[in-house]
Amino acid sequence: MISVLRRIALPKQIYKLQLFQYSGNAEDLKTKENLKPNDSETHFGFQTVKESDKWKKVHKVFEEVAASYDLMNDAMSMGVHRLWKDIFIERLSPVGNGIRLLDMAGGTGDISFRYMKYLQKLPAIDRKPSHVTVCDINQNMLDVGQKRWEKLNLPNAGDTIEWVCADAEKLPFDDSSFSVYTIAFGIRNCTHIDRVLAEAYRVLQPGGRFMCLEFSHVNNEYLKWAYDQYSFQVIPPMGQILANQWQPYQYLVESIRKFPLQNEFKVMIENAGFKCVQFENLTFGVVAIHSGFKL
């Protein structure tokens, strides 16, 4: 059993701390290193590593890049990542009627803040306040997000936001707790994608929606060649120049190539129990939006 610290932002930027506990059958965040030495192998980019080692390597990557995360996103995508995230929220089309949103791997808050800003555009009459839970396994990323949130100082109609450091494979939330589950550019970093999807299904209410924005695969061979050249020849050196970090961005481009194809990931979502699963390619498949419902 472990403790997790929740920080909840209430109207007028007032914060409340909650300490709660949860337990599970698998090892928690602090005891993962005690897994058996003969555990299965998985990939970390193009490397083959023990499953018990991957989470530590991924955790280290995002500790190192947290401070420069937004700068590098703008540089690597030439700002296009902002359009992808805007489209993602448009496809979600939140109505703001008391929605409980879990933004998994939400770290620096890009998706959650867009959602909160979207709510400001909705008619205030008869709108029930929404609640957003930004959840990430890396506290460094959450710290960056909380600082960004305080600077935004968005007006609200009673909407609240909280920050929870937890593992996507073992969420510390009750069954049927949320009406929407989003995960953007995070699921490919998880060791067991099937467990992440199973947890997403568990914490969603009946009728709830799962939405994932993730780097995917370009189908056109000519565009794929150009994309690969840019990814491997430009992005790691760019990381070295702008963030003094080469390896995290080498991992980034490698991890994208190891992620399932669009149709393969669609099947994984369906196998988790979701219905009406579909996907939409953006920028020729550089990224894809996958969506499904718990019915």
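**Strand pairing, helix packing and salt bridges**

Strand E10 (residues 275-282) and strand E11 (residues 287-293) run antiparallel and are joined by 6 bridges. Two strands pair if DSSP finds at least two bridges between them. Helices (H or I, at least four residues) and strands (E, at least two) are DSSP runs, numbered from the N terminus. The structure is a predicted model, in which local features need pLDDT of at least 70 and side-chain atom pairs count only at pLDDT 80 or more, while totals for chains, interfaces and linings use all residues. Residues are numbered from 1 along each chain as its sequence is written, and side-chain values use heavy atoms, with hydrogens and water left out.

Leu 282 has Val 287 of E11 as its bridge partner. E10 and E11 form a hairpin, with 4 residues between them. In the turn, Thr 283 has a positive phi of about 50°.

Helix packing comes next. Two packed helices are described by the angle between their axes and the distance between the axes. Axes are lines fitted to C-alpha atoms, for helices over the stretch in contact, and angles run from 0 to 180 degrees between N-to-C directions. The axes of helix H3 (residues 80-92) and helix H4 (residues 110-120) come within 10 Å and cross at roughly 55°. H3 and H4 are therefore oblique to each other. Angles under 35 degrees count as roughly parallel, over 145 as roughly antiparallel, 65 to 115 as roughly perpendicular and the rest as oblique. In the contact (heavy atoms within 4.5 Å), His 81, Arg 82, Lys 85, Asp 86, Phe 88, Ile 89 and Leu 92 of H3 meet Asp 110, Ile 111, Arg 114, Tyr 115 and Tyr 118 of H4. By class, this contact of H3 with H4 has 6 nonpolar, 1 polar and 5 charged residues. Ala, Val, Leu, Ile, Met, Phe, Trp, Tyr, Cys and Pro count as nonpolar, Asp, Glu, Lys and Arg as charged, and the others, Gly among them, as polar.

H4 also packs with helix H5 (residues 139-152), at an angle of about 25° and with the axes 10 Å apart. That makes H4 roughly parallel to H5. Asp 110, Phe 113, Met 116 and Lys 117 of H4 make the contact with Gly 145, Arg 148, Trp 149 and Leu 152 of H5. These residues divide into 4 nonpolar, 1 polar and 3 charged.

A salt bridge is a side-chain nitrogen of Lys or Arg within 4 Å of a carboxyl oxygen of Asp or Glu. The count by this rule is 14 salt bridges. Arg 195 lies in helix H6 (residues 193-203) and Glu 169 in the loop between strand E7 (160-165) and strand E8 (178-184), so the pair ties together parts that are 26 residues apart in sequence.
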